[in-house]
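Hi,

Here is the structure we talked about.

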Amino acid sequence: MQNLKKFLVCLDSTPLDEHIIKYSSMISELTGCEKVYFVHIAQKNLSLKVKKYFQEKIQEHFTAKCETEMQIHQGKNAVQILKWSEFKIVDLVILGIKPKTESTGKHAARLINEAQCSVLLVPPTAKLKLAKVIIPLDFSSSSVTAINAALNFKEKIADIEVLLHHVYFVPSGYTHTGKSYDEMAEIMDKNKRREYEQFKREQSLDESKYEVIFELDEDQNPSDNIYEMAKERNADMIIVASRGRTKLASLLKGSTAANLISYDREIACLVVKNKSENMGFFETLMKL
């Protein structure tokens with residue numbers, strides 16, 4: 001994972017702000033962040049009094065040793081955040097995500113799909129520590145990106161537990177093989193474990209640094225399995241990676257992360273993106 005040196009932290013003038021500021025401080029210390037832009041998007045009331053309110057909150061709850069800047073802008077949340085994240089060339093956008101009873105999560109979903117940089121979703125219940133992270137594993141280059149992000153955290157905090165979670169399913173046409181569902185599930189399990197061994201060799205992964213979990217998905221909807229496993233194992237963060245040089249490719253891969261929003265409103269979720277690839281594509285478009 002690329003260095004995370006500039007953050008954009010979204011504040012919305014709700015009780016969640018205090019937790020977001022504290023969480024951002026924790027992540028800033030962990031990554032060695034150099035500058036954090038705190039941004040509030042307002043539909044009205046851009047007074048100095050509002051800015052002073054946020055500055056006092058930041059001064060009280062942000063303890064990481066890095067430069068901070070508070071900005072207030074008028075507009076629509078997701079649109080303004082996307083503009084700012086590209087204009088300031090930030091490496092990570094940190095966004096609070098509220099319970100389903102309070103928010104649809106549409107702004108978070110749009111940021112995941114369209115932001116050029118990585119996105120970290122932080123619910124009110126996210127722990128102010130990183131002791132255990134879980135990564136959905138599909139043996140792709142995106143899996144490698146997410147694994148590297150987790151291992152980067154582990155370099156800073158040696159006792160962080162890293163879990164790799166592979167979800168597999170029985171193909172719908174298994175009955176034509178003459179095998180029962182249970183027999184085919186066992187075959188798929190063995191096949192996926194062999195695939196993992198090959199993946200491990202090709203990527204020169206050190207198995208002593210993580211644990212691998214294989215799970216049968218009976219409804220072919222991996223997002224609920226990922227979320228339930230994260231809860232069962234008491235994970236502090238889910239890490240997924242978006243792949244591809246285009247927003248469309250990122251959207252296709254990002255759908256797993258976006259789907260997690262419909263399940264996960266309790267665990268922080270980091271969507272890792274290769275900003276250099278995405279920005280390269282963005283810059284190419286600007287030259288057309």
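A salt bridge here is a side-chain nitrogen of Lys or Arg within 4 Å of a carboxyl oxygen of Asp or Glu. Please keep in mind that this is a predicted model.

Salt bridges: the whole structure holds twelve. Lys 35, Glu 67 and Glu 69 are linked in a network of them. Lys 35 pairs with Glu 67, with the closest N and O atoms 3.3 Å apart. That pair links distant parts of the chain, with Lys 35 in strand β2 (residues 35-42) and Glu 67 in strand β3 (residues 67-74), 32 residues apart. Lys 35 also meets Glu 69, at 2.9 Å from N to O. Here too strands β2 and β3 are linked, and the two residues are 34 apart in the chain. Lys 35 is buried, at 13% relative accessible area. Glu 67 is partly exposed at 47%, and Glu 69 is partly exposed at 22%.

Another bridge joins Lys 231 and Glu 266, at 4.0 Å from N to O. Lys 231 sits in helix α7 (residues 222-232), and Glu 266 in the loop between α8 (247-263) and β10 (268-272). Both ends are partly exposed: Lys 231 at 38%, Glu 266 at 40%.

Disulfides: the search finds zero. Cys 33 is buried at 6% relative accessibility, and Cys 117 is buried at 2%.

Best wishes

Terms used:
Residues numbered from 1 in each chain as written. Predicted model: local features only at pLDDT ≥ 70, side-chain atom pairs only at ≥ 80, totals over all residues. Heavy atoms only, no water. Disulfide = S-S within 2.5 Å. Buried < 20%, exposed > 50% of the residue type's maximum accessible area, 1.4 Å probe, protein only. Helix = DSSP H or I, 4+ residues; strand = E, 2+ residues; numbered from the N terminus.
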